[in-house]
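Good morning, and thank you for coming. Please look at the sequence and the structure as I put them on the screen.

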Amino acid sequence: MKSAAELIADAKSRIKEVTPAQTLAMRASDPSVVLIDVREDREWNLGHAAGAVHMSRGTLESKIDQAVPRAAPVVLYCASGNRSALAAESLMQMGYSNVASMSDGFRGWVDANGDIEG
């Protein structure tokens with residue numbers, strides 16, 4: 001059996017991670033980049049990245065198809081980059097080909113001076 005830390009490390013070995021600064025640059029150069037916040041409702045309500053779409057980790061797989069085309073560039077984030085890594089791996093298994101997890105999560109976004117709403 002694997003621990004949570006081992007599951008996260010395994011996922012991070014198979015996915016693409018981008019920094020908050022890279023995410024800001026990606027969004028500046030390509031407005032089609034979809035930023036998805038996979039945190040829980042209470043976390044989202046306290047503040048989130050400007051323009052992000054909220055799909056909590058528990059509902060992501062059931063909601064993503066209606067909201068985001070499989071070919072769209074997607075960056076997922078959570079509080080610290082762990083849940084989003086697991087979510088990125090899940091989306092890759094669903095056929096999303098251009099998906100990344102934002103390392104350092106929302107905390108890193110704030111530290112990189114990303115715009116915040118909420």
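Let me begin with a question: is F106 buried or exposed? The model before you is a predicted one. In this model F106 has a relative accessible area of 15%. The cut-off for a buried residue is under 20%, so F106 counts as buried.

With that residue in view, I turn to its partner. The structure contains one aromatic pair. The ring centres of Y77 and F106 are 6.1 Å apart and the two planes meet at 20°, so this pair is stacked. Planes count as stacked when they are under 30 degrees apart. The two partners come from distant parts of the chain: Y77 belongs to strand β5, residues 74–77, while F106 belongs to helix α6, residues 105–111, and 29 residues separate them. Y77 is buried as well, with a relative accessible area of 0%.

What lies over the face of F106? The residue is R39, placed 4.4 Å from the ring centre.

Next, please find H48. This residue is in strand β3, which covers residues 48–49. H48 has a relative accessibility of 8% and counts as buried. Which residues does H48 touch, if those up to four places away in sequence are not counted? They are D37, R39, Y77, F106, D115, I116, E117 and G118. Both members of the aromatic pair, Y77 and F106, are therefore on that list. A polar atom of the H48 side chain also lies 3.1 Å from the backbone oxygen of W44.

I now step back to the chain as a whole. How many helices and strands does the chain have? The secondary structure comes to six helices and seven strands. Read from the N terminus, their order is α-β-α-β-α-β-β-α-β-α-β-α-β. The radius of gyration is 13 Å, close to the 13 Å given by the globule rule for 118 residues, so the chain is as compact as a globular protein of that length. The C-alpha trace spans about 40 × 25 × 25 Å along its principal axes.

Of the 118 residues, 44% count as buried. The accessible surface of the chain is about 6100 Å², and 52% of this belongs to carbon and sulfur atoms. Consider also the contacts between residues at least 6 apart in sequence: 69% of these join residues at least 24 apart.

Let us move to helix α5, residues 83–93. Its buried residues are S84, A85, A87, A88, E89, S90 and L91. Against which elements do they pack? They pack against α1 (4–14), α4 (60–67), β5 and β6 (99–102). Just after α5, G95 adopts a positive phi of about 100°.

I15 is buried, with a relative accessible area of 11%. Leaving aside neighbours within four places in sequence, I15 is in contact with A85, A88, E89, M92 and S101. Among these, A85, A88 and E89 are buried residues of α5. Finally, how far is I15 from W44, counted between C-alpha atoms? The separation is 24 Å, for two residues that are 29 places apart along the chain.

Thank you for your attention.

Notes:
Residues numbered from 1 in each chain as written. Predicted model: local features only at pLDDT ≥ 70, side-chain atom pairs only at ≥ 80, totals over all residues. Heavy atoms only, no water. Phe/Tyr/Trp six-rings, centres within 6.5 Å; stacked < 30°, edge-to-face > 60°. Helix = DSSP H or I, 4+ residues; strand = E, 2+ residues; numbered from the N terminus. Buried < 20%, exposed > 50% of the residue type's maximum accessible area, 1.4 Å probe, protein only. Lys NZ or Arg CZ within 6 Å of the ring centre and 35° of its normal. Polar contact = N/O pair within 3.5 Å; in protein donor to acceptor, adjacent residues only side chain to side chain. Contact = heavy atoms within 4.5 Å. Rg over C-alpha atoms; globule rule 2.2 N^0.38 Å. Areas by Shrake-Rupley, 256 points an atom, 1.4 Å probe, with all protein chains shown as cover.
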